[in-house]
Amino acid sequence: MQKLIVLLFLANSIYAQETKTINLFDWHAKGKLSIVHREVGGINESGNRFIRISEKDSEGLVWLPITDFKNGLIEIEMRGKDVPQRSFIGIAFHALNDSTFDAVYCRPFNFFAKDSIRRIHAIQYISHPVFTWKKLREERNGVFEKEIIAPPDPNEWFTLKLVIKDKSVEAFINQSKAESLKVEKISTIAIGRIGIFVGAGSGGDFKNVKVRYSN
């Protein structure tokens, strides 16, 4: 009996640490993505396959068929552009619906800004519908958005990785071992959907998503 319990514990631990890779091009082709306030197309550039999300004035979301994410890792390969106010790209998580969710996103056009104030607005945490970027900046300036040290090319592919553990959210860019942003979640929602977030006026390109659950 004890041996069986140990085996079940090990099996559950292995499952909990398994990383699932989602090819967005394939999932879009199979109709597995739920699209909100955007158009999405599959792009194949010389074998490099990804989805392209259109630009619109409102915020947009593309939900994955994952509804039970609590703690763990979410990583996405994405590409924005170095055009002011036209590139807000990131990850939504712990979502209840299309208007209630947390998100971390990047502003590539601020990565190498000469203005130091703009540079500290390179990566942002929000918790909708109440805690928008504007409200957080006005009330708790510099807490929920930061500069990215050694940022990537704003016009090229890069990865955003979130590590979520209960109330803690850490964001890493590419292979950096130092987090670009570390915050305490504002919302009380602890489990929910995962998706792609794009801000008002923004589209973007997105390739693969990795998801790993943890306890």
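Predicted model: local features only at pLDDT ≥ 70, side-chain atom pairs only at ≥ 80, totals over all residues.
Start with the strands. Seven of them form an open sheet, in which 7 strands run in the order E2-E5-E14-E7-E8-E9-E10. Their pairing is antiparallel. Which strands stand at the edges? They are E2 (34-36) and E10 (145-146). Each has a single partner strand, so one side of each is left without a neighbour in the sheet.

Now look inside the sheet. Strand E7 covers residues 89-95, and strand E14 covers residues 193-198. These two pair in the antiparallel sense over 5 bridges. Ala95 stands opposite Arg193 in E14.

**The aromatic rings**

The whole structure holds 9 aromatic pairs. A pair of aromatic rings is described by the distance of the centres and the angle of the planes. Here are two of the pairs.

| Pair | Centre to centre | Angle between planes | Type |
|---|---|---|---|
| Phe50 and Trp157 | 5.2 Å | 70° | edge-to-face |
| Trp63 and Phe101 | 6.2 Å | 75° | edge-to-face |

The Phe50 and Trp157 pair links distant parts of the chain, 107 residues apart. Phe50 lies in strand E4 (residues 48-53), while Trp157 lies in the loop between E10 and E11. Trp157 has a relative accessible area of 21%, so Trp157 is partly exposed.

The Trp63 and Phe101 pair also links distant parts of the chain, 38 residues apart. Trp63 sits in strand E5 (residues 60-63), and Phe101 sits in strand E8 (residues 101-106). Both Trp63 and Phe101 are buried. These two residues belong to a cluster linked by ring pairs. The cluster also takes in Phe88, Tyr105, Phe109 and Phe197.

**A buried threonine**

Thr159 is found in strand E11 (residues 158-165). Its relative accessibility is 11%, so Thr159 counts as buried. What is Thr159 in contact with, leaving aside its neighbours within four places in sequence? The contacts are Glu75, Ile76, Glu77, Phe172, Ile173 and Asn174.

**The largest pocket**

Rolling a probe the size of a water molecule over the atoms shows where empty space is left. The largest pocket contains about 230 Å³ of space. Its lining is made up of 14 residues. Which of them lie nearest the centre of the pocket? They are Gln85, Phe88, Arg107, Trp133 and Arg137.

Technical notes:
Residues numbered from 1 in each chain as written. Heavy atoms only, no water. 1 Å grid on protein atoms, 1.4 Å probe; cavity = no way out; pocket = protein on both sides within 12 Å on 5 of 7 lines; lining within 4 Å. Points joined across faces, edges and corners; volume = space filled by probe spheres on them. Pairing = 2+ DSSP bridges. Helix = DSSP H or I, 4+ residues; strand = E, 2+ residues; numbered from the N terminus. Buried < 20%, exposed > 50% of the residue type's maximum accessible area, 1.4 Å probe, protein only. Contact = heavy atoms within 4.5 Å. Phe/Tyr/Trp six-rings, centres within 6.5 Å; stacked < 30°, edge-to-face > 60°.
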